[in-house]
Amino acid sequence: MSEKSEEYYTLKVAGLERKLKKFPVSDSLDIAAFILFGDVELTEACASALLEKVPEFDYIVTPEAKSIPLAYEMSKRSKKKYIVARKGVKVYMDRPVVYTERSITTQKEQSLYLGHEDGDLLTGKRVLILDDVISSGESLKAVQGIAKSYGADIVASCAVLTEGDAADRDDIIYLERLPLFFKD
């Protein structure tokens, strides 16, 4: 029995190096999986590097779930609260606002929700939108839409990595580009 050879991409970010496994998202495209969960050293290094690049802010808003460790670490270092736009309505949410988008990693339409108990805190405040990777920009658009619906002043949108066309945008602060891998 022969084993399939796994392909990896070597990423250098925030002074660290990681091997990212490649996964297919379609017949013609692979992406390298960047996952902060469980990698405390990488999360801390990326949080520190991003905080050096972003403007002053009052709150961090991030989508659930892969960017939560990064939001936590940036919150801890900056002493600013972070708020999570959730993938589902929770019983404790008061009159949640919903925004629907289509993400490259979920490959389907998904909705993000934020209740007034957190959303009202954003009114008139300087808000930093945070994600781990920005690719198509749909998740970013959803979080921006939710924050704006509460009257937030979005001072910047940032991520550890940009992928594809997102790397060419001038409205995103990021640490490194992550290539897309097109199959012949």
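Mentor: Let us begin with Arg126, which lies in strand β8, remembering throughout that this is a predicted model.

Trainee: Is Arg126 buried, partly exposed or exposed?

Mentor: The category follows from the relative accessible area, where buried means under 20% and exposed means over 50%. Arg126 has a relative accessible area of 30%, so this residue counts as partly exposed. Once neighbours within four places in sequence are left aside, Arg126 is in contact with Glu56, Phe57, Asp58 and Tyr59, and also with Asp153 and Val155. Ile68 stands 58 residues away from Arg126 along the chain, and the C-alpha atoms of the two are separated by 19 Å.

Trainee: How does Lys22 count by relative accessibility, as buried or as exposed?

Mentor: Lys22, a residue of strand β2 (residues 16-24), counts as buried because its relative accessibility is 18%.

Trainee: Turning to helices, by what are two packed helices described?

Mentor: Two packed helices are described by the distance between their axes together with the angle between those axes. Here the axes of helix α1 (residues 40-53) and helix α2 (residues 68-78) come within 9 Å and cross at roughly 60°, and α1 and α2 are therefore oblique to each other. The crossing in which α1 passes α2 is right-handed.

Trainee: Which residues make the contact of α1 with α2?

Mentor: From α1 the contact takes Thr43, Glu44, Cys46, Ala47, Ser48, Leu50 and Leu51, while α2 contributes Pro69, Leu70, Glu73, Met74, Arg77 and Ser78. By type, the residues of this contact divide into seven nonpolar, three polar and three charged.

Trainee: What span should the 14 residues of α1 have?

Mentor: At 1.5 Å a residue, α1 should span 20 Å, and its end C-alpha atoms are 20 Å apart, so the two values agree.

Trainee: Which residues of α1 are buried, and against what do they pack?

Mentor: Leu42, Thr43, Ala45, Cys46, Ala47, Ala49 and Leu50 are the buried residues of α1, and they pack against β1 (8-13), β2, α2, β8, β9 and β10 (173-178). In α2 the buried residues include Leu70, Ala71, Glu73, Met74, Ser75 and Ser78, with α1, β4 (59-63), β5 (81-85), β8 (126-134) and β9 (153-163) among what covers them.

Definitions and conventions. Residues are numbered from 1 along each chain as its sequence is written. This is a predicted model: local features need pLDDT of at least 70, side-chain atom pairs count only at pLDDT 80 or more; totals for chains, interfaces and linings use all residues. Side-chain values use heavy atoms; hydrogens and water are left out. Axes are lines fitted to C-alpha atoms, for helices over the stretch in contact, and angles run from 0 to 180 degrees between N-to-C directions. Helices (H or I, at least four residues) and strands (E, at least two) are DSSP runs, numbered from the N terminus. Angles under 35 degrees count as roughly parallel, over 145 as roughly antiparallel, 65 to 115 as roughly perpendicular and the rest as oblique. A crossing is left-handed if the near helix is turned anticlockwise from the far one by less than a right angle, and right-handed if clockwise. Contact means heavy atoms within 4.5 Å. Ala, Val, Leu, Ile, Met, Phe, Trp, Tyr, Cys and Pro count as nonpolar, Asp, Glu, Lys and Arg as charged, and the others, Gly among them, as polar. Buried means under 20% relative accessible area, exposed over 50%, partly exposed in between (1.4 Å probe, protein chains only). The expected span of a helix is 1.5 Å times one less than its number of residues.
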